[in-house]
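Here are a few notes to read alongside the model. Take them in order, with the structure open.

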Amino acid sequence: MTDTARTARAGVPERPTLDGIEEPWARRWQEDGTYAFDRSKAPVRGRGAASDAPSPDGRRSDVYAIDTPPPTVSGELHMGHVFSYTHTDTVARFQRMRGRTVFYPMGWDDNGLPTERRVQNVYGVRPDPALPYDPDWQPPAAPVSEAARKDPATISRRNFIELCEVLTAEDEKVFEALWRRLGLSVDWSLTYTTIGRVARATSQRAFLRNLARGEAYQAEAPTLWDVGFATAVAHAELEDRERPGAYHRLRFQGPGGREVLIDTTRPELLPACVALVCHPDDERYADLVGATARTPVFGVEVPVHAHPLADPAKGTGIAMVCTFGDLADVTWWRELRLDTRVVIGRDGRLLPEPPAGVPAEPYAALAGQTVNGARRTVVELLADAGDLVGEPRPITHPVKFYERGDRPLEIVSTRQWYLRNGGRDPGLREELLARGRELRWVPEHMRHRYEHWVGGLTGDWLVSRQRFFGVPVPVWYRLDDAGEPDWSQPLTPDESSLPVDPSSEPPPGWQEAQRGAPGGFVGDPDVLDTWATSSLTPQIVGGWETDEDLFRRVFPMDLRPQGQEIIRTWLFASVVRAHLEQGVLPWRDAVLSGWILDPDRKKMSKSKGNVVTPMGLLEQHGSDAVRYWAANGKPGMDLAFDPAQIKVGRRLATKLLNASKFALGLGAADALRAPATAPLDTAMLAELSGVVATATTAFDGYDHTAALIATEAFFWRFCDDYIELVKERAYGTGPGADSARAALATALSVQLRLFAPVLPFVTEEVWSWWRYGSVHRAPWPTTYEVGRAVQGPGDPELFRLAADALGQVRRAKSERKLSMKAEVPLAEALGPAALLDRLTLVADDVRAAGRITKLDLLPDRSPELVIACAF
């Protein structure tokens with residue numbers, strides 16, 4: 001039984017207040033299961049198949065499933081989270097009131113690099129896989145000193161993972177407390193984590209099926225490498241940052257002693273040079289193509305090639321190709337089938353031995369140096385040899401970084417796991433572009449970002465990471481008699497045994513004693529990219545292969561709400577996984593959030609130090625006020641953080657309390673289903689009916705802002721005009737008073753429900769004074785419902801006419817600095833005869849509200865309504 005059936009009226013309090021209402025209502029909603037997903041009311045059939053009541057796209061209308069973004073548990077939630085998650089919550093609340101069985105889970109994204117970095121910063125430790133597990137190890141008291149963070153102590157991999165689990169569990173409690181305070185209407189029984197057992201099993205199952213179908217593969221290839229994190233990085237995780245650098249002009253020697261000048265920002269890669277490349281149409285170097293040139297300092301012969309990617313206008317127009325300095329080098333190396341001379345290792349230092357073909361003597365000065373140190377040394381060697389032309393020219397240029405890293409990326413050659421994503425398969429690319437066209441994008445222009453990303457892919461998705469706190473790659477490798485792994489035939493587990501950890505479990509049919517021994521096995525040491533797990537959130541929370549009954553009820557889902565900056569990662573990756581595994585889109589609609597800007601209109605971000613955390617604002621102004629600010633931002637549109645707007649939300653919630661108390665004090669609670677008959681009452685309800693239609697259409701289109709604007713504008717007219725116009729009549733007896741109270745009751749009931757998705761606490765509080773159950777389980781208002789309360793015609797213009805007349809009387813009193821309660825002995829209404837005829841329908845209410853003793857109507861004295869007051 002839901003709370004709707006058993007919650008009694010609370011009665012109107014003597015002094016209603018917003019202070020402290022969040023905690024009791026959050027607790028009550030949890031106790032009563034107000035937002036619980038009831039699968040018994042969610043049909044099994046449909047979700048894409050035929051059903052009794054399908055919507056236009058063939059889905060059943062009974063269930064509304066949301067693929068909620070799991071926030072990264074590696075710090076504090078900020079106002080950007082409040083902004084976007086409030087938007088999603090308004091959708092969930094609206095759909096629930098529309099009679100849908102809402103599937104609204106919450107997850108925590110707690111695996112991967114952010115968590116590892118947070119553990120290192122909090123406890124000053126880092127993992128060393130070579131160390132044995134210490135069951136008695138205890139972490140140091142947190143937080144540790146800055147020195148401990150910079151020089152972390154080493155602990156075993158398993159000890160480190162256990163510490164990650166402890167810290168994320170504590171962080172998740174803090175996050176959940178804030179979400180409850182904000183009033184998110186999620187079903188907390190559906191909470192999941194991306195490192196939990198279900199998520200690990202789901203992620204590994206999907207990977208093994210990708211492997212079986214040939215969609216996952218392993219390859220030794222140039223890899224973007226973050227030296228600080230010591231892991232591979234995918235293209236989708238890159239960002240360009242402007243950094244200072246310098247162009248160095250190097251003198252190569254061409255055929256016949258010809259001088260060939262090369263501009264480069266990375267002279268330290270000179271020993272890795274494998275070719276020179278120019279544009280095919282560049283006549284300056286046409287005679288060099290097919291010949292060779294000799295590198296300075298090292299004297300290595302390298303071929304000269306033509307390639308269309310070479311830019312004749314950049315530098316000298318001819319470039320050196322090194323393995324590997326940037327992504328262009330990788331392209332040239334692959335397409336021109338060049339040699340490989342790797343000089344930078346995974347630690348970011350130059351390798352101890354020179355690559356094949358490079359003389360050892362000059363290279364010895366570079367061995368073991370950092371990139372910056374090697375750069376200085378090479379520049380000195382070039383200068384000494386007379387092959388540095390001029391002085392280095394300072395520049396500022398974009399440098400590739402891992403989005404969470406703080407050191408420039410290098411490109412090293414490593415063996416990694418990849419997942420096909422259309423980057424090298426035109427057929428699959430077209431299929432994924434078609435999926436993007438199937439998806440409903442809000443706002444629509446965000447689809448172009450998806451298409452731009454998919455259309456520009458040049459490689460597959462690198463899904464392996466050289467980290468620790470993540471989902472293990474679920475494979476092992478046989479070792480030959482020399483102890484070398486056979487990469488070509490990985491050993492895989494049965495799906496029934498998932499999740500597995502190859503680092504601590506043997507493969508099926510093997511013994512742990514055989515680990516690392518010749519003829520034995522070795523586990524894959526890597527983990528899967530966090531997006532390789534997060535991309536499966538619909539499958540994880542939907543019960544794929546673990547709760548098929550649930551999966552049939554909720555998948556594919558209805559909504560993916562997310563940030564626009566992760567279209568290329570989370571959204572695209574989710575489309576890839578569902579397309580490959582289920583052959584469908586994972587959801588029907590994608591709603592993209594804008595960004596939160598600071599008062600200077602700059603995007604808020606932790607790196608800029610301009611973020612605002614929400615808990616203090618929630619405590620100071622109340623959750624409804626903060627939600628009001630968030631709801632003023634439309635999907636895809638940026639919103640400036642504005643404390644003044646939060647204060648407006650507080651005033652609105654306070655007015656809702658006070659106006660509701662006043663209306664209920666007039667007897668509205670007992671007149672809910674009585675008809676409104678008086679012209680002013682039916683006019684007000686007619687206008688309210690239009691507001692209901694506007695708000696409903698807006699919410700159906702994911703435009704919560706338009707719904708709020710329409711509802712709020714009407715509410716203030718209702719308070720400032722209608723209540724003032726009608727209160728004298730409502731205090732009385734007879735048909736007029738009965739009509740007023742009936743109209744007040746209907747209007748209050750409807751407005752509480754219109755505001756409920758945005759202002760859940762104050763609307764629930766007021767609802768509890770005079771209605772049974774929860775406003776959030778009450779049906780969404782309809783124009784039919786409002787029209788049913790109207791007896792006779794309802795003309796919205798009549799309400800506006802009465803409000804205009806009363807407003808003119810108020811202005812007259814204000815200009816004379818009189819109290820609004822001052823009597824007006826005589827007022828004259830001038831205007832077209834037809835207009836004044838209509839005014840007579842509400843004249844008694846205008847006289848009473850304006851305290852007008854006598855109101856004379858003077859037709860055709862003015863082209864518009866004029867109320868002249870005599871005092």
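1. Strands here are DSSP runs of E, at least two residues long, and helices are runs of H or I of at least four, all numbered from the N terminus.

2. A word on the source: this is a predicted model, where local features need pLDDT of at least 70, side-chain atom pairs count only at pLDDT 80 or more, and totals for chains, interfaces and linings use all residues. Residues are numbered from 1 along each chain as its sequence is written, and side-chain values use heavy atoms, leaving out hydrogens and water.

3. S9 (residues 238-253) is antiparallel to S10 (residues 259-264), with six bridges joining them; two strands pair if DSSP finds at least two bridges between them. Gln253 has Glu259 in S10 as its bridge partner.

4. Elsewhere, an open antiparallel sheet has four strands in the order S8-S7-S16-S18. S8 (231-232) and S18 (461-462) are at the edges with a single partner strand each, so one side of each lacks a neighbour in the sheet. Two bridges link S7 (residues 216-226) to S8, and Trp225 sits opposite Ala232 in S8.

5. Now look at Asn421, in the loop between S16 (410-419) and helix H11 (426-438). Its side chain reaches the backbone nitrogen of Gly423 at 3.0 Å.

Note on methods
A polar contact is a pair of N or O atoms within 3.5 Å; within protein, one must be able to donate a hydrogen and the other to accept it, and residues adjacent in sequence count only if both atoms are side-chain atoms.
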